[in-house]
Amino acid sequence: MDDEVSELVHGAAPAPVRIARLWWVVSAAAALLLVVLLGALIFYRQADKPFGFEVEWMSELVEARAPIFTVPALVFNWIGGGISGIAIVPLLIVTGLLVWRRPWGALYFVCATIASELVVLVIKNLVGRPRPTDILVVADFGSFPSGHSANAAVIATTLGIVFWRTWVWIAGAAYTLLMMLSRTYLGAHWISDTIGGMLIGVGVAVIVWAPFAYLLYRERRTPHPPIWIRVPPPAPTVENPPPAPE
């Protein structure tokens, strides 16, 4: 019997622990500060003037465009933006977390997602960077930072924290990197846009995690059968004996 089930059967709640937050929050704040500095650099060196390495990278991708790459890139474009990125994908994630009895994880995900989208929106309007001209998709105003990259990073980070499994972190990192690559391939963003979006998603997710840290830890230490499976009440313990018969 694994530890989680044993804790439930024997009625032993996880012992209180101290969860280190300071280093993680400081690192996340540093990531967001880096985004602000990068945005200021882009703005003051002319928002429509990409860096040299970005122009070279975009040229290479434009030459390499082919249906075998364009189709999956368009799939990522649909998943990460528009009504799908704003509503459908987050709703599916929240539903899955609730079905598998992770209400605090669902609330944390919702808060982090909303906060990330607000930060992206504010910086987009402040920097006002035009998008590349070789774009293959219809996109809204503002190239820096990439909203798709921010959405991917906040999903990867929040789910990594909620489940705390190596494979979740690896899958999330791969998803985020592929999303960033797809955005430059489609000509929707420069490289610095995707880096800025990724830093926002990770930074916001970590900062929002801080007040949820202990709640998520407790939730992670309990069993998570789907809601249609009844969870038996904890067995009586010495500290909590059954009532004596009258």
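This is a predicted model: local features need pLDDT of at least 70, side-chain atom pairs count only at pLDDT 80 or more; totals for chains, interfaces and linings use all residues.
1. Residues are numbered from 1 along each chain as its sequence is written, and side-chain values rest on heavy atoms, with hydrogens and water left out.

2. The structure holds one cavity of 30 Å³ or more. A cavity is a set of points, on a 1 Å grid over the protein atoms alone, where a 1.4 Å probe fits but cannot get out; lining residues have an atom within 4 Å of a point. The volume of the largest cavity is about 40 Å³, a volume being the space filled by probe spheres set on grid points that are joined across faces, edges and corners.

3. The lining of the largest cavity consists of Gly85, Pro90, Phe109, Thr113, Glu117, Asn151, Val154 and Ile155. At least two of its residues come from each of α5 (82-99), α6 (103-127) and α7 (147-163); helices are DSSP runs (H or I, at least four residues) numbered from the N terminus. Four lining residues are nonpolar, three polar and one charged, where Ala, Val, Leu, Ile, Met, Phe, Trp, Tyr, Cys and Pro count as nonpolar, Asp, Glu, Lys and Arg as charged, and the others, Gly among them, as polar.

4. The largest pocket (an open set of points with protein on both sides within 12 Å along at least five of seven lines) has a volume of about 490 Å³. Its lining comprises 23 residues, and Ile86, Val120, Lys124, Asp140 and Gly147 lie nearest its centre. Each of α4 (67-80), α5, α6 and α7 supplies at least two lining residues, with α6 giving the most, at eight residues. By class, the lining of the largest pocket has eight nonpolar, ten polar and five charged residues.

5. Trp24, Ile161, Trp164, Trp169 and Trp209 are the closest to its centre among the 18 residues that line it. Two or more lining residues come from each of α2 (22-44), α7 and α9 (191-220), and α9 gives the most, with eight residues. The lining of this second pocket divides into 14 nonpolar, three polar and one charged residue.

6. There are ten aromatic pairs, a pair being rings of Phe, Tyr and Trp (its six-membered ring) whose centres lie within 6.5 Å. One aromatic cluster is formed by Trp104, Tyr108 and Phe212.

Conventions. Rings of Phe, Tyr and Trp (its six-membered ring) pair if their centres lie within 6.5 Å; planes under 30 degrees apart count as stacked, over 60 as edge-to-face and the rest as tilted.
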